[in-house]
Amino acid sequence: VQLQASGGGLVQAGGSLRLSCVVFGRTFGNYAGGWFRQAPGKEREFVGAISWSGNTTYYGNSVKGRFTISRDNAKNTVALQMNSLKPEDTALYFCATGPYTSRVSISYHNWGQGTQVTVSS
């Protein structure tokens, strides 16, 4: 199983970015999807999670109301729409899949390589 994340970049504060993650080698529709992020010198932080059906979503407190997680099982993708970006959102963003819709990173078995998001003030 391989996950390929894309869509990161440099954006000004208040701007938007859309991250996308394609899952190869697995029928993604049977698994939950998640996004995490890690800034230099900090621990990995939960961003969002979505159930296999898309009916259940969870968000980290710092992104709630600004970020939206979604999925397209036909295309084996999970996306993260990020609006009203802040400098503190700057981090390496990782997508992941696993059997449970969870806020905890150890629940996810497969991880992408990460895509860098940098928000300038």
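Let's start in the middle: the largest nonpolar core has 25 residues, and Trp35, Phe67, Leu80, Met82 and Tyr93 are the ones that touch the most other members. A nonpolar core here is a set of buried Ala, Val, Leu, Ile, Met, Phe, Trp, Tyr and Cys residues joined through side-chain atoms within 4.5 Å; buried means under 20% relative accessible area (1.4 Å probe, protein chains only). This is a predicted model, in which local features need pLDDT of at least 70, side-chain atom pairs count only at pLDDT 80 or more, and totals for chains, interfaces and linings use all residues. Residues are numbered from 1 along each chain as its sequence is written, and side-chain values use heavy atoms, leaving out hydrogens and water.

Among the elements giving two or more residues to this core are β1 (2-6), β7 (67-72) and β9 (91-98), but β3 gives the most, with 4 residues. Strands are DSSP runs of E, at least two residues, numbered from the N terminus. There's also a second, separate core of 5 residues, including Phe36 and Phe46.

Leu80 touches Trp35, Phe67 and Tyr93, among others, not counting residues up to four places away in sequence. Contact like this means heavy atoms within 4.5 Å.

Now for Arg37, in strand β4 (residues 32-38). Arg37 is buried, with a relative accessible area of 5%. Its side chain makes polar contacts with the side chains of Asp89 (2.9 Å) and Tyr93 (2.9 Å). A polar contact is a pair of N or O atoms within 3.5 Å; within protein, one must be able to donate a hydrogen and the other to accept it, and residues adjacent in sequence count only if both atoms are side-chain atoms.

Note on methods: Buried < 20%, exposed > 50% of the residue type's maximum accessible area, 1.4 Å probe, protein only.
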